[in-house]
Amino acid sequence: MLQVNSTSIGLSESVRTRAITLLNMHVGSFTDLYVQVKLAHWNVRGAHFIAYHELFDAIAGRLLEAQDMMAERAATLGGTAGMTVQEAAESTPLPVWPLAVRQDRDVIQLVAERLSQAANAIRKDIDTAATLGDADTADLFTEVSRQLDKDLWFVEAHFSA
Ligand SMILES: [Fe+2]
C-alpha cells in the first residue's frame with residue numbers, strides 16, 4: 001500500500017486507507033471500461049451505426065468524468081490516485097472485449113453487460129463505504145452508479161420491447 005498523507009479531514013487513517021483502496025479499484029476498472037466503450041464506438045457496424053457510434057462516445061465521456069471524480073476523492077483522502085494501465089489490466093473484473101464482434105445488435109448487448117457489471121460493483125461499494133464511515137465516498141459511488149444506470153437505460157432502450 002502506498003503512503004497515505006495526513007489531512008485535517010475528520011476520518012481516521014485506516015478508514016481513509018480502505019476508502020482509497022476501494023476508489024482506486026474502480027478507477028482502474030474504469031480505464032478498462034472506457035477503452036471497451038471506445039472500441040465499441042470505433043468498430044460497431046450495422047443499420048444503427050450512427051446512433052450507437054454517437055451514444056457510445058457520449059457514454060465514454062461520462063465514464064472519464066466519473067473516473068476523475070473517484071480518483072480525486074482518493075487524492076482528497078490523502079492517497080495516491082489511480083493505478084497504471086498495467087495494474088488496471090491485472091485487476092479489472094471485466095471480461096476482455098471481443099474485437100471480432102462488430103454487429104450493432106451484438107455490440108450493444110456487450111456494452112449493456114459491461115455497464116451493468118460496473119454499476120453493480122459500485123452499487124455494492126456504496127454500502128461498503130457507508131459501513132466504513134465515509135459517507136462522502138458512499139455518496140460519490142451513489143452518484144456514479146446512478147449515472148451508469150441511466151446510461152444502461154439509454155443502451156437497453158435499443159433492445160426490442
Ligand atoms: Fe470518435
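Biologist: Among contacts between residues at least 6 apart in sequence, what share join residues at least 24 apart?
Modeller: In this predicted model, the share is 75%. The count concerns contacts in the protein between residues at least 6 apart in sequence.

Biologist: What does the C-alpha trace span along the principal axes?
Modeller: The spans are about 55 × 30 × 20 Å.

Biologist: And what percentage of the residues count as buried?
Modeller: Of the 161 residues, 43% count as buried. As for the accessible surface, the total comes to about 8,500 Å². Carbon and sulfur atoms account for 54% of that surface.

Biologist: Let us turn to charges. How many are positive and how many negative?
Modeller: The protein has 13 positive and 21 negative charges.

Biologist: Now the aromatic rings. How many aromatic pairs does a search of the whole structure find?
Modeller: The search finds two aromatic pairs. One of them is formed by Y52 and F56, with 5.9 Å from centre to centre and 45° between the planes. This pair is tilted.

Biologist: Why are Y52 and F56 separated by about one helical turn?
Modeller: Both residues belong to helix 2 (residues 49-76), and because they are four residues apart there, about one helical turn separates them.

Biologist: What about W153 and F154: how are their rings arranged?
Modeller: Their ring centres are 5.1 Å apart and their planes are at 55°, so this pair is tilted. W153 is exposed, with a relative accessible area of 53%. F154 has a relative accessible area of 28% and is partly exposed.

Biologist: Another residue, then. Where is Y34?
Modeller: Y34 lies in helix 1 (residues 13-43). With a relative accessible area of 23%, Y34 is partly exposed.

Biologist: Which residues does Y34 touch, not counting those up to four places away in sequence?
Modeller: Y34 touches A60, L63 and L64.

Biologist: And what separates the C-alpha atoms of Y34 and R16?
Modeller: The separation is 26 Å, for two residues that are 18 residues apart along the chain.

Biologist: Moving on to P98, where is that residue?
Modeller: P98 is in the loop between helix 3 (85-91) and helix 4 (104-132). The relative accessibility of P98 is 28%, and P98 counts as partly exposed.

Biologist: Which residues is P98 in contact with, leaving aside neighbours within four places in sequence?
Modeller: P98 is in contact with L110 and R114. Along the sequence, P98 and L110 are twelve residues apart, and in space their C-alpha atoms are 9.0 Å apart.

Biologist: Last one: where is S160 found?
Modeller: S160 is found in the segment after helix 5 (135-156).

Biologist: Is S160 buried or exposed?
Modeller: S160 counts as exposed, at 71% relative accessibility. The cut-off for exposed is over 50%.

Biologist: How many residues apart along the chain are S160 and W42, and what separates their C-alpha atoms?
Modeller: S160 and W42 are 118 residues apart along the chain. Their C-alpha atoms are separated by 24 Å.

Conventions:
Residues are numbered from 1 along each chain as its sequence is written. This is a predicted model: local features need pLDDT of at least 70, side-chain atom pairs count only at pLDDT 80 or more; totals for chains, interfaces and linings use all residues. Side-chain values use heavy atoms; hydrogens and water are left out. Buried means under 20% relative accessible area, exposed over 50%, partly exposed in between (1.4 Å probe, protein chains only). Contact means heavy atoms within 4.5 Å. Accessible areas come from the Shrake-Rupley method with a 1.4 Å probe; for residues, only the protein chains shown count as cover. Lys and Arg count as positive and Asp and Glu as negative; His and the chain ends are not counted. The place of a charge is taken as NZ of Lys, CZ of Arg, CG of Asp or CD of Glu. Rings of Phe, Tyr and Trp (its six-membered ring) pair if their centres lie within 6.5 Å; planes under 30 degrees apart count as stacked, over 60 as edge-to-face and the rest as tilted. Helices (H or I, at least four residues) and strands (E, at least two) are DSSP runs, numbered from the N terminus.
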